Amino acid sequence: MSRKRFSMKMLAGSIFAGAVYGIAGETAYRYMKQHISPIAGTTLYFTGMYLFLGIVVYLVGRMGQSKADGRVNKKQWAAAFALIVLFSALSAWFYNWIGTGWHRQEFPAYLFVIDNSGSMNETDPDGMRYEAIDKLLEHKEPEFCYGIYYFADTAKIARNMAPIREGNAKLEPENGGGTAVIGVLDTILQDLESERLKLPDRCRMILLSDGYATDVDAASRYDCIRRLEQFADKGISISTVGMAGDVDTELLMLAADKTGGTYVSVQDVEQLEAGMRMAAQSDAEHRDLLGYRSEGGADWLLAGLRIVLIVGLGILIAVEKTVLCERFLNTNSVLLSSAAGSALGGICLELGMNTLGLHPGLMRVLLCVLLGFTLLREDEVGVGVDVDGRMMG
């Protein structure tokens, strides 16, 4: 007689492979996010996952069933590979387009939020960041509105929102103190509530910083996200400019992603003008399938769409694992478990980042683990006795 059991080697191996790829992929993802488009980055991310998980599943399956007959159907595997490349690119493009493709408009006003912390004595001792503001505005119409805040341990309004024709503010900033990002966000929200600050619809806020926030940690990250969502609800898009190598890249990306802005990195003051101009461009907005999602009218549509697209990508990876495991007996369990893991992965990625405010890197690693999750049901032949009393097995 025979009984069925699940391969513990396959279960442990696939989960381990997902975790390994998640950790390695996170490093690659952060690099790609800064250097290539979200579409190319997403395509490479899922293509790499397809190849890595497939290799591990094949090797683990072969270890357990080395004498199994048959070979991998290379045509089926290649077809699934082509589909994962195509579908990941289309998914990334569609997710970006459906959120940003129909409402690209010029911003009628800029609100500059400038870091004056002590580290600026080394990064920008001559105040070139303020000269970059003047350069950015020099070709705007006299009626174009802008305002300036600067912040360190506390935040202060340096120029209230007003047209260019009313002249520039006399700024004499002094660098010193920490980088209180939540503090300046709170100050601006309070000024909006009290109507001390009035912003036109679709105002773009440009936040420039050169260091790590001194009032944001793992415990306050959720609070920071909720403040950013308040800006998004008010139609205020935040683009961020990171100066030098010690900047809190993750936080600045978070601010841009959650409000529909863009993140720009500059390495020295000579790049400041170009960086701020890029941050101000209205057509620089991107929506990332693997990253935070800015709030808006299509919030629930985008949440559901992300889950559906992740499930689709996970099922293609499940198909690959099924093709690779055909020679290792029962593959229904491989397909079903992989599809279930894909659905759970999409839900965790969306809810974890955008509802619970959990760390995006952690959510992406969890996604890889769930997409790698594989149950392989294999037959175990027991030992019995036939009617003639002979041993069989």
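A crossing of two helices is left-handed if the near helix is turned anticlockwise from the far one by less than a right angle, and right-handed if clockwise. By that rule, the crossing of α6 and α7 is left-handed. The structure is a predicted model.

## Overall make-up

The protein holds 12 helices and 10 strands. It has 393 residues, and 51% of them count as buried. Among contacts between residues at least 6 apart in sequence, 77% join residues at least 24 apart.

Two packed helices are described by the angle between their axes and the distance between the axes. The table gives both values for two pairs.

| Helix pair | Axes come within | Crossing angle |
|---|---|---|
| α1 (residues 8-35) and α12 (residues 360-372) | 7 Å | roughly 145 degrees |
| α6 (residues 181-193) and α7 (residues 221-233) | 10 Å | roughly 35 degrees |

Take α1 and α12. Their crossing is right-handed. On the α1 side, the contact is made by S14, I15, G18, A19, Y21, G22, I23, E26 and Y29. On the α12 side, G361, R364, V365, C368, V369 and G372 take part. By class, the residues of this contact divide into 8 nonpolar, 5 polar and 2 charged.

Now α6 and α7. Helix α6 brings I182, L185, D186, I188 and L189 to the contact. Helix α7 answers with C224, R227, L228, Q230 and F231. The classes here are 7 nonpolar, 1 polar and 2 charged residues.

## The ends of the chain

L376 lies in the loop between α12 and β8 (377-381). Its C-alpha atom is separated by 6.5 Å from that of M10, although the two residues are 366 residues apart along the chain. Is L376 buried or exposed? L376 has a relative accessible area of 3%, under the 20% limit, so it is buried.

## Two buried arginines

R129 is found in helix α5 (residues 128-137). Its relative accessible area is 1%, so R129 counts as buried. Which side chains make polar contacts with the side chain of R129? One is the side chain of D124, at 2.8 Å. Another is the side chain of N175, also at 2.8 Å. Leaving aside neighbours within four places in sequence, R129 is in contact with I114, D115, N116, M120, D124, N175, L208, L272 and M276.

R306 sits in helix α10 (residues 299-325). R306 is buried because its relative accessible area is 0%. Beyond its neighbours within four places in sequence, R306 has contacts that include Y95, D288, L289, L290, G291, Y292 and R293. L349, E350, M353 and N354 are also among its contacts.

## Aromatic pairs

How many aromatic pairs does a search of the whole structure find? The count is 13. One of them joins Y50 and W77, a tilted pair with 5.7 Å centre to centre and 50 degrees between the planes. This pair links distant parts of the chain. Y50 belongs to helix α2 (residues 38-64), W77 to helix α3 (residues 74-100), and they are 27 residues apart. Y50 has 0% relative accessibility, so it counts as buried. W77 has a relative accessible area of 26%, between the 20% and 50% limits, so it is partly exposed.

Another pair is formed by Y110 and F112. It is edge-to-face, with 5.9 Å centre to centre and 80 degrees between the planes. Both Y110 and F112 are buried.

Ring pairs also build a cluster. Its members are Y21, Y29, Y45, F46 and F52.

## A positive phi

Most residues other than glycine have a negative phi, and most peptide bonds are trans. E195 has a phi near 65 degrees, a positive value in a residue other than glycine. Where is E195 placed? E195 is in the loop between α6 and β5 (204-209). With a relative accessible area of 53%, over the 50% limit, E195 is therefore exposed.

Definitions and conventions. Residues are numbered from 1 along each chain as its sequence is written. This is a predicted model: local features need pLDDT of at least 70, side-chain atom pairs count only at pLDDT 80 or more; totals for chains, interfaces and linings use all residues. Side-chain values use heavy atoms; hydrogens and water are left out. Axes are lines fitted to C-alpha atoms, for helices over the stretch in contact, and angles run from 0 to 180 degrees between N-to-C directions. Helices (H or I, at least four residues) and strands (E, at least two) are DSSP runs, numbered from the N terminus. Contact means heavy atoms within 4.5 Å. Ala, Val, Leu, Ile, Met, Phe, Trp, Tyr, Cys and Pro count as nonpolar, Asp, Glu, Lys and Arg as charged, and the others, Gly among them, as polar. Buried means under 20% relative accessible area, exposed over 50%, partly exposed in between (1.4 Å probe, protein chains only). A polar contact is a pair of N or O atoms within 3.5 Å; within protein, one must be able to donate a hydrogen and the other to accept it, and residues adjacent in sequence count only if both atoms are side-chain atoms. Rings of Phe, Tyr and Trp (its six-membered ring) pair if their centres lie within 6.5 Å; planes under 30 degrees apart count as stacked, over 60 as edge-to-face and the rest as tilted.
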